Amino acid sequence: TVADMQGMKQGKLRLAVISTAKYIIPRLLGPFCQRYPGIDVSLTVTNHEKVVERLRHNLDDLYIPSQIPEGLDVTCRTFLENPLVVLASRNHPLAKIKQVRLEQLNGQDFIMREVGSGTRQAVEKLLEEHGIEIRVRLELGSNEAIKQAVAGGLGVSVLSHHCLALEGETGQIVVLNVEQFPIRRHWNLVYPRGKQLSIVANTFYEYLLTEGRQVLQDTAVCAPS
Ligand code: PGA
């Protein structure tokens with residue numbers, strides 16, 4: 001029976017994901033773990049660089065990094081959109097402007113993720129390409145803490161739109177409409193090429209790419225169209 005098949009799926013599932021995926025993966029684990037009560041999960045949430053490090057050392061079953069560094073031999077599937085947006089406090093002068101030009105970010109007080117963050121890499125690349133110089137007032141290793149700092153008026157920041165999950169734009173924090181934004185990125189579902197996935201890992205992999213996307217669509221998280 002189906003129940004028997006599900007009961008046979010037992011063991012540990014090890015995942016390592018970038019910080020912004022923490023808004024998504026735990027939610028998807030809910031229905032999955034209900035269906036397979038024999039599966040226990042260990043979820044490591046960290047930044048891009050550390051996820052890639054874990055991948056190099058084959059510490060987990062599946063990984064969600066941002067851009068895959070060249071030279072890594074992996075199987076990679078695009079999973080979901082992960083757009084990066086500019087956030088500011090509602091009272092920020094730029095919040096009153098309908099269409100902010102990129103140059104208007106010049107000289108702005110900025111809150112930046114730590115070195116090793118994929119979000120940071122993407123922001124720095126864009127600003128550098130356009131010769132924009134911001135003033136980093138604060139470096140922080142946590143998206144949540146950055147949101148608090150933005151709400152507190154410390155400056156603007158760029159984070160994944162998913163960081164607004166559940167609460168959305170709270171009224172305190174707004175998404176600025178800045179030229180060149182959102183930066184379009186994706187989460188990738190990755191494992192070392194040729195690695196034989198465990199039954200448990202393979203089950204979760206298939207679940208994410210099929211039903212997982214559906215769950216997110218139903219809960220209005222931006223899934224690929
Ligand atoms: P980060 O990754 O947590 O390393 O910033 C998120 C991303 O690259 O989108």
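I call a residue buried when its relative accessible area is under 20%, exposed when over 50%, and partly exposed in between (1.4 Å probe, protein chains only). The model is predicted, so I take local features at pLDDT of at least 70 and side-chain atom pairs at pLDDT 80 or more, while totals for chains, interfaces and linings use all residues. I number residues from 1 along each chain as its sequence is written, and side-chain values use heavy atoms, without hydrogens or water.

**Entry: Ser-19**

I looked up Ser-19. It is buried, with a relative accessible area of 13%. I find Ser-19 in the loop between strand E1 (11-18) and helix H2 (25-35). Helices (H or I, at least four residues) and strands (E, at least two) are DSSP runs, numbered from the N terminus. I count a contact when heavy atoms lie within 4.5 Å. Leaving aside neighbours within four places in sequence, Ser-19 touches Val-45, Thr-46, Arg-113 and Asn-143.

**Entry: the ligand**

Ser-19 is also one of the residues that surround the ligand.

A backbone N or O atom of His-48 is 2.7 Å from a ligand oxygen. For the side chain of Ser-66, I read 2.5 Å from an N or O atom to a ligand oxygen. Arg-185 puts a polar side-chain atom 2.6 Å from an oxygen of the ligand. Alone, the ligand exposes 280 Å², and the protein buries 100% of that. These areas come from the Shrake-Rupley method with a 1.4 Å probe; for residues, only the protein chains shown count as cover.

**Entry: helix H5**

Which residues of H5 (143-151) are buried? I find Asn-143, Ile-146, Lys-147, Ala-149 and Val-150. They share one side of H5 because they cover an arc of only 165° around the axis, taken from the directions from the helix axis to the C-beta atoms. They pack against strands E5 (84-89), E6 (109-113), E7 (135-140), E8 (156-160) and E9 (173-176).

Ser-142 caps the N-terminal end of H5, with a side-chain oxygen 3.3 Å from the backbone nitrogen of Glu-144. Just after H5, Gly-153 has a positive phi of about 85°.

Methods: Polar contact = N/O pair within 3.5 Å; in protein donor to acceptor, adjacent residues only side chain to side chain. Near = heavy atom within 4 Å.
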